[in-house]
Structure formats: structure tokens, C-alpha cells
Amino acid sequence: MDISTLETFPAQAHQQDIRRILVADDDNDIADATADALRGLGYSVAIAREYGNLVEHACEFAADIAVIDAGFGGNNGAELIDALRERLPKIPCVLAIDHTDTEAVLHALRNGASEILYKPVEINILDAILNRCFDRLQLEAEKEAAERALRESDERFRVFFENTPVSMSIKDPQGRYLMVNKSHQEWLGHSAEELAGKSMGELIADKQRVDFLTDTEQKVVRTGEVCERETTITRHDGTQYDRIIVKFPIKQSDGAISAIGTVAIDNSERKRVERQLAASEAQLRLVIDSIPALIIYVDSEERYVLFNKTGAEWHATTPDSFIGRTLKEVQGDIYDDVREKIHETLKGNIVTFDTTIDYADGKTRDVHVTNVPDIGPDGQVRGFFGMALDVTKSRQAERQLKESEARFHAVVDNFPAGVYLKGIEGNYLIVNRTFREWLNVGSEADCLGKNIHDFFPSDKNVVSKAHDRKVIESRAAVIQDRELTYPDGVTRKTWIHRFPIFGPSGDCTAIGTVNMDVTDQHNLQSQLIQAQKMEAVGQLTGGIAHDFNNLLGVIIGNLDFLAEELSEHDNLSAFLEPAMKAALSGATLNRQLLAFSRKQSLSPKIIDLNDHVTSVLDMLHRALGETIDIEANLDPLISTTEVDPAQLESVLLNLAVNARDAMPNGGILRIETSKAHLNANYASTHAEVTPGDYLVLSVTDTGSGMTPDVLAHAFDPFYTTKGVGEGSGLGLSMVFGFTKQSGGHIEIESKIGTGTTVRVYLPEVDWKAMAIQSEKTDIPKAQGETILIVEDDHDIRTLTINMLSSLGYIVMDAEDGVSALETLKSAAQIDLLLTDVVMPGGISGPNLAKQAKEHRPDIKLMYISGYTANKLYQAGQRDSNVPLLLKPFRKQELAATLREVLSG
């Protein structure tokens with residue numbers, strides 16, 4: 001069997017525009033001729049020459065139409081058609097029959113032949129028959145497609161109608177159910193069969209609801225319009241639902257309404273969401289209204305959409321009064337200040353700023369404003385949210401904090417001690433001005449972040465770091481005394497108090513330090529110790545000098561009597577002179593002891609310091625010799641001072657002699673006078689200094705100078721660097737004692753190889769008080785007066801009696817106060833009571849004087865003592881109005897003082 005196909009288009013064998021014809025004929029010539037003719041007409045042709053494989057070849061070729069010879073293979077053509085239709089039920093079959101075989105034609109038509117083709121075959125007739133077949137195939141295909149589409153549509157509608165979760169139904173114009181879906185059945189609680197042909201009035205007893213539905217349906221029938229209603233429906237099980245019911249007309253092709261469709265959409269979830277949204281919005285509004293800040297939403301046209309309650313209260317109105325109004329309308333002049341920031345926000349940028357606004361409620365608020373743009377899905381700015389937070393209290397707190405910090409820094413900076421704070425790693429966090437000056441830095445920024453290594457040598461840091469560690473580990477304060485040279489070049493003795501600072505967690509986070517300069521206090525303490533030592537030695541030397549005075553008084557007094565009795569040519573007078581000289585030298589030494597102990601008797605006078613120094617220069621020239629040049633530089637503007645002139649000469653002489661000894665090979669001695677004011681600050685660091693104006697006497701040499709150790713002991717009594725027998729060690733001690741006793745101050749500076757300077761500060765007094773006093777040289781005699789001498793020392797009493805008798809006085813004596821009182825009571829005449837101050841027996845000189853005045857109001861009083869007036873005043877042993885004569889005294893001193901008292 002031969003099968004021919006369109007060999008040139010094998011890939012398009014199944015396309016609709018290629019028509020495939022199967023020619024079944026066992027006459028090869030007729031089959032080939034028919035096939036050639038059909039190919040010429042554009043058909044794809046296959047030839048079946050054997051009956052047995054006809055059906056298989058037709059299926060394999062996918063023939064569209066079969067042209068079959070009625071006598072093919074000796075079989076009946078109708079049988080062949082039946083065989084083809086079993087496999088290809090829709091294939092048109094054209095049966096080729098002889099014109100004479102009418103019975104075959106009828107039989108073929110009865111058995112399904114599509115067309116009859118009479119032999120001999122005319123190709124044009126065959127082509128027309130084939131076209132009719134193809135047209136019928138097209139119509140049948142289209143009809144079948146339409147029916148299939150309709151069936152599919154019906155099926156989709158049925159599936160949709162049945163399975164949609166939306167309740168759907170179809171009723172006739174009278175409101176009787178025609179169709180209901182599952183959702184509607186579940187809603188009503190009835191099956192489709194139960195609902196078919198029934199109206200709502202037959203199903204539910206709720207007349208109001210029935211009337212509502214009936215009226216709605218009749219409106220749809222009457223108007224032909226869709227009707228939509230929202231209602232709450234109670235299901236058969238009692239549950240309620242919010243529903244949107246849409247009823248619509250179903251119209252025929254002529255426009256007549258044949259049915260009513262109903263869609264009931266469950267709106268419960270949307271209503272629930274709406275209620276939740278409304279509740280959420282209400283809650284959000286409550287929250288927004290409760291926030292203590294102004295909160296707004298402004299659209300892109302700068303109109304208020306939201307305004308919270310707090311902001312409205314600031315404006316003294318209600319939130320609704322702002323809605324729809326513009327920013328410029330509400331804010332007025334303030335708008336110009338914030339316009340650029342609003343425009344920046346509407347460009348899509350978050351903007352924050354601080355400002356101060358006067359609000360309508362009468363309050364001025366510092367506000368922190370944040371504007372956040374609202375950007376839509378398309379990227380366009382729809383508006384912005386704005387929040388103005390009242391930060392008045394926080395700003396005030398910040399200002400107060402800054403003020404507090406400023407006060408703290410002011411206090412710390414002005415604290416007269418180094419105050420600083422260090423982190424636990426040793427870096428400086430706070431450094432006050434005092435400590436910055438010690439570190440020789442200008443600002444705090446020059447210190448912050450640095451540590452002790454940046455300012456001190458490494459060997460000096462070990463102690464400080466160890467104490468810092470101790471503070472951290474012990475969690476307790478550590479106190480340290482230290483002497484250190486700071487970067488500003490000053491060596492300070494400091495008292496350092498370190499203490500821990502704890503953080504919120506209780507850990508030590510920093511170390512605070514107060515570093516107090518106690519150099520001056522240390523020096524004052526040294527001065528106090530030195531003064532106490534000098535006072536102790538002074539007490540000793542004063543006591544010795546007192547007793548020594550009594551001895552010298554007896555010696556000198558008796559030598560004076562002896563000198564009066566011996567003539568100048570007597571051989572014994574040669575022995576008298578050296579004895580008197582030695583006694584007077586002892587008296588001089590005793591005066592030095594008293595001067596050192598500040599117990600000598602001074603005779604202060606107001607003097608011109610320059611004149612007095614000038615008068616001493618000649619004596620100094622003679623005393624120092626030719627190898628010492630004296631330079632005097634006396635300030636002509638200085639005034640006067642009140643001192644004992646004789647003692648001042650001794651001071652100058654002592655200082656000059658010390659200077660000469662320091663310049664064994666010669667040198668220059670400079671004597672200068674000047675004025676100085678010692679203020680309270682200076683007095684606070686120098687014991688016994690009273691603030692005020694002073695005259696300064698400076699003595700400077702160019703000698704060898706003193707070492708620091710020697711300088712530290714320069715004023716100590718009996719301290720000397722000279723050899724044995726070359727100095728008493730009392731020279732500078734006497735100068736020191738005289739200066740202090742005169743109410744002054746003394747300083748000494750000295751360096752090895754450059755010399756020594758001693759400055760004596762003497763109180764300045766008014767020159768108008770200066771008076772010139774003349775010395776009296778005559779020894780006044782008695783004028784018949786009677787004197788009672790009271791002295792417990794027998795030798796002094798005897799000597800004094802002799803002196804008084806030689807002066808012509810009537811003398812009575814007593815060895816103590818008790819005996820003197822008896823004499824005072826019994827004697828006829830006593831003009832003057834001459835009594836020692838300190839006496840045994842329980843009655844002192846002042847006590848005796850007081851009782852003498854009670855018995856003899858006109859009696860004159862005079863004291864004698866080996867103690868100084870200051871000592872007696874301090875001990876309360878003497879009335880300052882009673883004249884005092886200090887031991888040892890000579891006859892002429894006694895005579896002059898007695899005459900002055902008796903004549904007064």
C-alpha cells in the first residue's frame with residue numbers, strides 16, 4: 001500500500017490551512033489520476049490501495065475527508081464508512097458511485113455518506129464537494145466550540161455560583177426562589193430543594209425583614225435598577241451578620257425582566273474592622289491628646305488636618321478650630337520664622353529645631369520641634385507630622401546646670417589650692433586654675449586627657465600613681481604630705497587629699513584631689529618652733545641675767561664708793577680701774593643677754609633714722625679699718641621711728657663687725673635706708689609681724705656668705721662659726737631681740753660667694769612727735785626727804801642704803817613687805833617708798849605700794865628690779881604709772897630718778 005503526503009511541508013502537517021484528502025481506490029490509475037488532480041488543487045493527498053489498512057492509514061495520515069470508491073476492495077462502501085467512523089467519527093466520507101447504481105447511492109446516504117461523487121470523477125465537481133464538506137466541518141467545529149464554551153461557561157458559573165462565599169440567589173419576579181447557592185442555603189438553613197419555589201414570607205416570620213426584602217425586590221422589578229442596602233441579618237442559628245445586599249434585574253434579550261438576582265455580601269468583618277479602626281482611632285486620638293506636646297498633621301497645601309488637645313490648650317482654643325486652616329493663618333508672624341523649615345519638610349526632609357514661642361494661654365515656652373514628612377507610595381510628599389515638645393523645664397534645668405557648673409568651676413578655679421579630677425587610668429578630667437598655674441599651662445584644654453607623665457619626670461610619678469591605686473583599691477581617702485618642684489619652677493610643700501568618686505553602679509570611676517600649698521604654713525610652723533626655742537632660751541638667760549644684775553650691782557656700786565674714797569694718786573686706784581672695767585663689761589654682756597631675751601630696759605626716743613645712721617658712720621669707719629669701703633645710700637624721703645638710740649647704734653655696730661669678719665680680705669659694706677609697707681598677706685606668712693608702714697635699715701656685705709645650714713641658725717643664741725674665744729654668738733641674737741622688742745621685723749639673705757644682707761624693719765612714726773632731749777650730767781642731792789627702802793637681797797639693800805645716805809637722804813629699810821608695813825604705820829615721816837617688785841613673804845612690791853597709799857596717800861612710789869618692765873607688766877607685778885629703776889644701777893641713775901619722782 002502506498003501513502004503519499006506533502007513531503008515539502010512535513011512540519012506543517014497538522015495545520016488547519018493544509019487540507020488532507022484520503023483517496024481509497026484499488027484502481028491504481030483512477031487513484032493516481034485523482035491524487036494528481038487534487039495535488040494540483042493544493043490538497044495533501046494519501047492513497048489507500050488496499051482495504052485492510054484503510055482505517056489505520058486514514059488515522060495515521062490524519063485525513064480531513066475520505067474519497068472512497070464504492071466498490072473498494074470488493075466491499076460495500078457503506079461498510080467502509082462505518083469502519084472509518086468508528087475511529088474517525090466526524091470525518092466526511094465522499095462515496096464514488098457509478099451513475100447506474102441508484103440503490104448503492106440510497107444505501108450510502110442512509111448509512112452516513114456525506115456526499116455522492118459519480119464516476120467518472122470530474123475534478124471540479126470533486127473540488128466543489130470537498131469545499132462543501134470543509135464548510136460543514138467548519139460549521140460543526142464552530143458549533144461544537146460554541147456549545148463547548150457554553151457548557152464550560154455554564155460549568156464555571158455553576159461552580160462559581162455554588163462555591164462562592166458570597167450568598168447568591170435568583171428569584172422570579174414574584175420573589176420565589178429559582179436558584180440558591182450553598183452560602184445562601186447555609187445562611188437560611190434550608191436546602192435548595194426546600195427553597196425552590198418559595199418566597200421569604202414562607203420561610204421567615206420576621207415581617208419587618210420580609211417587607212424590607214419584598215419592597216427592595218419590587219423596586220428592582222419596577223425600576224429595572226440595581227438596589228443596594230446595608231442591613232444586619234440574624235441567621236437561623238441566631239448569629240447576627242452585617243451584610244450588604246445587592247439586588248439586580250435579570251433581563252431577557254427583549255429587555256423584559258425574567259428574574260431577580262441577589263448578592264448578599266458579608267460585611268461583618270469590614271464593619272468589625274471599621275469599629276476596631278474607629279476604636280483604635282479614638283484610642284490613638286486619646287493618646288495623642290494626652291501627650292504633653294503639640295502634635296499636628298498638615299497636608300501639602302499647609303492646611304491643618306490634625307491638631308491635638310494639648311496644642312489647642314496652648315492656643316487657648318479647641319482642636320476643631322484649626323482644622324482646614326493654614327499654617328500662616330494660625331501662626332501669624334511666627335510663620336515667617338519657620339517658613340523655610342516647613343518648606344524643607346515638604347521637600348521630604350526630617351527637620352528639627354528649637355525656638356521660643358509666646359502662646360495664647362499666657363505662657364512662654366521653649367519648644368523642640370520635629371517635622372516628619374508623610375511620603376506616599378508614589379514618592380510624593382502628602383503632608384507632614386509635626387510635634388512641638390515643651391522643653392522649658394529641661395532648658396531651664398540645662399541653664400541651671402550650666403550656671404551650677406559655672407559656679408562650680410568658679411569656686412574650683414578660685415580655690416586657693418590645686419583641685420583636679422582624674423580618671424581611673426590617670427587622665428585629667430578637671431583641672432582648676434591654681435593647679436594649671438602650677439603646671440605652667442594656660443587653659444584647661446591643655447590638660448584634659450593628659451596624665452602626670454606629661455608634666456613631671458617619670459621618677460616623680462611613682463608615689464602619685466601608688467596613692468591613686470590605693471584610693472581605687474581601698475575605696476577610701478588617702479592623705480599625703482609631699483615636697484615637689486612643679487613645672488612653673490616653684491618648689492612647694494603640699495598637703496594632698498585624694499578621695500574616690502563613685503559612679504551609679506558603685507564602682508570607683510574617678511579620683512578627686514585637693515592639693516594644698518602649705519609651704520607658708522610649714523615656714524610659720526618652723527618660725528613658731530624657732531620662736532618657742534628662742535623664748536625658752538630667753539627665759540633661761542633672763543633669769544640668769546636677773547641674778548647676775550644683783551651681783552653686778554653690788555660690785556659696781558661698791559667700786560663706785562671705793563673710787564670716791566681713793567685719790568687719783570693712791571696706789572690702790574691702779575687696781576680699781578681694771579676691776580670696774582671688768583664689771584662694766586659684765587654689765588654689757590648682761591645687757592646682750594637681756595636684749596636677746598627681749599628683757600633689756602629700753603629708752604626709746606623718736607629719731608630721724610638717716611641722721612642717726614649718719615652720726616654712726618664715722619665710728620664705723622674707725623671700727624672697720626681701711627680694707628672695708630662703706631657705701632651709704634639713704635632715702636631722703638623716709639620719716640622717723642621710735643627706738644632706743646644707743647641700742648640702734650649697737651645693732652649697726654654688731655652688723656658691721658659681722659660683715660667685716662665675713663670679708664677678711666676687704667670688701668664693701670653697703671648701708672641703706674628705705675620705706676616699706678608690710679601687708680596682711682606678708683604678715684600671714686611671717687610670725688610676729690604687724691601690717692603697716694616700716695623704715696628699713698639694710699646692711700649688705702660682699703663677703704663669703706653663709707651656707708643654708710648656717711643661715712638657718714644665724715639668730716640662735718651662742719651659735720657662732722668663729723673659733724673658741726673669738727665670738728660669743730650673741731651678736732645677731734641681740735639684733736634679733738632688739739628688733740622684735742622694738743616692734744619691728746628682721747630678714748636675712750645670704751649666698752655663698754655673694755655676701756649677706758640683713759634688713760631691719762622699724763615701725764614708722766610721725767616726725768612731729770620727735771623731741772630733742774638733753775642729758776643731765778649733774779647728780780641731784782636730797783632735799784631733806786625720808787626714803788623707805790624695801791629689798792630682800794641684803795647686799796643690794798646695804799648698797800642702796802649707802803647710795804641714798806651719800807646723797808643726803810634719811811633712810812629707813814626693811815627686808816620684806818611685812819616689816820615695811822610696820823614701819824609705814826609707825827614712822828613719823830616717809831616721803832618715798834623705794835621697793836623691789838618681786839619679794840618673798842607673800843607681799844609683793846605693788847601690793848606693798850597699794851597698802852602704803854592707803855596709810856599715807858601722799859607718799860611717792862618707785863620700784864627697783866632685776867626684771868624688765870615688760871616682764872613685770874606681763875606678770876602683773878607692776879603698775880605702769882610707778883617709775884622703775886632696773887638693776888644694776890649706778891649712783892647717778894638712782895639720784896636722777898629719785899629727784900624726778902620726788903619733784904613730780
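The side chains of D661 and R660 form a salt bridge with an N to O distance of 3.3 Å, the term standing for a side-chain nitrogen of Lys or Arg within 4 Å of a carboxyl oxygen of Asp or Glu. D661 is partly exposed at a relative accessible area of 34%, and R660 is also partly exposed, at 30% relative accessibility; here buried means under 20% relative accessible area, exposed over 50%, and partly exposed in between, with a 1.4 Å probe and protein chains only.

The model is predicted, so that local features need pLDDT of at least 70 and side-chain atom pairs count only at pLDDT 80 or more, while totals for chains, interfaces and linings use all residues. Residues are numbered from 1 along each chain as its sequence is written, and side-chain values use heavy atoms, with hydrogens and water left out.

## Salt bridges

A search of the whole structure finds 30 salt bridges. Three of them are set out below.

| Pair | N to O distance | Relative accessibility |
|---|---|---|
| D661 and R660 | 3.3 Å | D661 34%, R660 30% |
| R399 and D366 | 3.5 Å | R399 41%, D366 15% |
| E785 and R899 | 2.8 Å | E785 11%, R899 12% |

In the salt bridge between R399 and D366, R399 belongs to helix α13 (residues 392-414) and D366 to strand β14 (residues 364-375), so that the pair links distant parts of the chain, 33 residues apart. Helices (H or I, at least four residues) and strands (E, at least two) are DSSP runs numbered from the N terminus. R399 counts as partly exposed, whereas D366 counts as buried.

E785 and R899 are likewise joined by a salt bridge. Because E785 lies in the loop between β27 (755-765) and β28 (786-790) and R899 in helix α27 (residues 891-903), the pair ties together parts that are 114 residues apart in sequence. E785 counts as buried, and R899 is buried as well.

## The parallel sheet

An open sheet is formed by five strands in the order β2-β1-β3-β4-β5, with parallel pairing; two strands pair if DSSP finds at least two bridges between them. Because β2 (44-48) and β5 (115-118) stand at the edges with a single partner strand each, one side of each is left without a neighbour in the sheet. Neighbouring strands of this sheet are turned by 20° against each other on average, direction ignored; axes are lines fitted to C-alpha atoms, for helices over the stretch in contact, and angles run from 0 to 180 degrees between N-to-C directions.

Within the sheet, strand β1 (residues 20-24) runs parallel to strand β3 (residues 65-69), the two being joined by four bridges, and L22 stands opposite A66 in β3. Helix α1 (residues 28-40) packs on the sheet and touches β1 and β2, its direction making about 170° with that of β2; contact means heavy atoms within 4.5 Å. Helix α5 (residues 123-163) lies across β1, β3, β4 (93-97) and β5, and runs at about 170° to β5. In the loop between β5 and α5 is P120, which a cis peptide bond joins to K119, with omega about -10°.

## Aromatic pairs

The whole structure holds 15 aromatic pairs, in which rings of Phe, Tyr and Trp (its six-membered ring) have their centres within 6.5 Å, planes under 30 degrees apart counting as stacked, over 60 as edge-to-face and the rest as tilted. The rings of Y304 and F307 are edge-to-face because their planes stand at 65°, with centres 5.1 Å apart; Y304 and F307 are both buried. The pair of Y420 and Y428 is also edge-to-face, with planes at 80° and centres 5.8 Å apart. Y420 is buried at a relative accessible area of 7%, and Y428 is buried at 2%. One aromatic cluster is formed by Y420, Y428, F435, W438, F455, F456 and Y486.

## Backbone and cysteines

N440, a residue other than glycine, has a positive phi near 65°; N440 is found in the loop between α14 (433-439) and α15 (461-474) and is exposed, with a relative accessible area of 56%. R475 also has a positive phi, of about 60°, although it is not a glycine; R475 is found in the loop between α15 and β18 (478-485) and counts as partly exposed at 43% relative accessibility.

Zero disulfides are found in a search of the whole structure, a disulfide being a pair of cysteine sulfur atoms within 2.5 Å. For C133, the nearest cysteine sulfur is that of C93, 9.0 Å away. C133 is buried at a relative accessible area of 1%, and C227 is buried at 6%.
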